Amino acid sequence: IDVKTSDGYVLRLFCIGFTKKRQNQIKKTCYAQASQVRQIRKKMLDIMKREAECDLRSLVEKLKTNTMGETITKECQGI
């Protein structure tokens, strides 16, 4: 996703997500359904756009400390 910071820089951000095994799951694999993938992608894009509405220095700080990733993980947990 291409985002523009508040001080005028244009950045291209990428995000990747993985599925997690549920508790007491016996199957070795865990796949997300297509509707869940769409919901997760939409939520990830919204979070990345919202978090990037700051200056470049604070955006780099968010990426270094992984606060954006933790926010995405927390908000997509229930999907």
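The following exercises, with worked solutions, concern the predicted model shown above.

Residues are numbered from 1 along each chain as its sequence is written, and side-chain values use heavy atoms, with hydrogens and water left out. Because the model is predicted, local features need pLDDT of at least 70 and side-chain atom pairs count only at pLDDT 80 or more, whereas totals for chains, interfaces and linings use all residues.

**Exercise 1. Determine the pattern of helices and strands in the protein chain, and how its radius of gyration stands against the globule rule.**

Step 1. Helices (H or I, at least four residues) and strands (E, at least two) are taken as DSSP runs, numbered from the N terminus. The protein chain has 3 helices and 2 strands, and their order along the sequence is β-β-α-α-α.

Step 2. The radius of gyration, taken over C-alpha atoms, is compared with a globule rule of 2.2 Å times the number of residues to the power 0.38. For 79 residues the rule gives 12 Å; the protein chain has 15 Å, well over that value, and is therefore more spread out than a compact globule.

Step 3. The C-alpha trace spans about 50 × 25 × 15 Å along its principal axes.

**Exercise 2. Locate the salt bridges of Asp-46 with Lys-42 and of Lys-62 with Glu-51.**

Step 1. The closest N and O atoms of Asp-46 and Lys-42 are 3.4 Å apart. Both residues lie in helix 1 (residues 34–51), 4 residues apart, about one turn of the helix. Asp-46 is partly exposed at 36%; Lys-42 is exposed at 54%.

Step 2. Lys-62 and Glu-51 meet at 3.2 Å, N to O. Lys-62 lies in helix 2 (residues 56–65) and Glu-51 in helix 1, so this pair ties together parts that are 11 residues apart in sequence.

Step 3. Lys-62 is partly exposed at 23%, whereas Glu-51 is buried at 14%.

Conventions
A salt bridge is a side-chain nitrogen of Lys or Arg within 4 Å of a carboxyl oxygen of Asp or Glu. Buried means under 20% relative accessible area, exposed over 50%, partly exposed in between (1.4 Å probe, protein chains only).
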